[in-house]
Amino acid sequence: QVQLVESGGGLVQAGGSLRLSCTASGGIFTINVMGWYRQPPGKQRDLVATITRGGSINYADSVKGRFTISRDNTKNTIYLQMNSLKPEDTAVYYCNAVKIPGLPGKTDYWGQGTQVTVSS
């Protein structure tokens, strides 16, 4: 099993920055993809950014040019650097991990979420 723990959320003014962190443990060598998703109040959970085992990165159009996903393999951690934040970025941000194809057990794992609130 994989455990994911997010941190770094908080309250920030529009135009400001935050950096989220997600640390994985308990089966890290089974992970193929990690990423960030977010769920605004009353809306569905949507993809923000992903990074694969091989280093391929994808972003949602809404965050391109403002957010950066990165990883530190020595710490089993991924980050989401969020710049030029807008009120529409307000959401609970979740870390996600998907295992290598063909392995037994659960397909994916989720962290507990961290709240990001951007004031107008």
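This is a predicted model: local features need pLDDT of at least 70, side-chain atom pairs count only at pLDDT 80 or more; totals for chains, interfaces and linings use all residues.
Colleague: How many disulfides does the count come to?

Modeller: The count comes to one disulfide, where the term stands for a pair of cysteine sulfur atoms within 2.5 Å. The disulfide joins C22 to C95, with an S to S distance of 2.0 Å.

Colleague: Is that disulfide left-handed or right-handed?

Modeller: The disulfide is left-handed, because the torsion about the S-S bond of C22 and C95 is about -80 degrees.

Colleague: Which strands hold C22 and C95?

Modeller: C22 lies in strand β3 (residues 18-25) and C95 in strand β9 (residues 91-99). The pair links distant parts of the chain, 73 residues apart. Strands here are DSSP runs (E, at least two residues), as helices are (H or I, at least four), numbered from the N terminus.

Colleague: And are the two cysteines buried or exposed?

Modeller: Both C22 and C95 are buried. Buried means under 20% relative accessible area, exposed means over 50%, and partly exposed is in between, with a 1.4 Å probe and protein chains only.

Colleague: What is the bridge partner of C22 in β8?

Modeller: The partner of C22 in β8 is I78. Strand β8 (residues 77-82) pairs with β3 in the antiparallel sense over six bridges; two strands pair if DSSP finds at least two bridges between them.

Colleague: In what order do the strands of the open sheet come?

Modeller: The open sheet has four strands in the order β1-β3-β8-β7, with antiparallel pairing. β1 (3-7) and β7 (67-72) stand at the edges with a single partner strand each, so one side of each is left without a neighbour in the sheet. Neighbouring strands of this sheet are turned by 15 degrees against each other on average, direction ignored. For that angle, axes are lines fitted to C-alpha atoms (for helices, over the stretch in contact), and angles run from 0 to 180 degrees between N-to-C directions.

Colleague: Back to β9. Why is β9 described as largely enclosed?

Modeller: Seven of the nine residues of β9 are buried, so β9 is largely enclosed by the rest of the structure.

Colleague: Which residue in β9 stands opposite I31?

Modeller: I31 stands opposite K99 in β9. β4 and β9 run antiparallel and are joined by eight bridges. β9 also pairs with strand β11 (residues 114-119) in the antiparallel sense over three bridges, where V92 has Q115 as its bridge partner. Three bridges join β9 to strand β10 (residues 108-110), again antiparallel, and N96 stands opposite W110 there.

Colleague: Changing topic: what volume does the largest pocket have?

Modeller: The largest pocket has a volume of about 370 Å³. On a 1 Å grid over the protein atoms alone, a pocket is an open set of points where a 1.4 Å probe fits, with protein on both sides within 12 Å along at least five of seven lines, and lining residues have an atom within 4 Å of a point. Grid points are joined across faces, edges and corners, and the volume is the space filled by probe spheres set on the points.

Colleague: Which lining residues are closest to its centre?

Modeller: Of the 16 lining residues, the closest to the centre are I28, I31, M34, R71 and N73. The largest share of the lining, four residues, comes from β4. By class, the lining has eight nonpolar, five polar and three charged residues.

Colleague: Which loop holds N76?

Modeller: N76 is in the loop between β7 and β8. N76 has a positive phi of about 50 degrees although it is not a glycine, and counts as partly exposed at 31% relative accessibility.

Colleague: Where is S84 placed?

Modeller: S84 is in the loop between β8 and β9. Its phi is near 50 degrees, a positive value in a residue other than glycine. S84 is partly exposed, with a relative accessible area of 42%.

Note on methods
Residues are numbered from 1 along each chain as its sequence is written. Side-chain values use heavy atoms; hydrogens and water are left out. Ala, Val, Leu, Ile, Met, Phe, Trp, Tyr, Cys and Pro count as nonpolar, Asp, Glu, Lys and Arg as charged, and the others, Gly among them, as polar.
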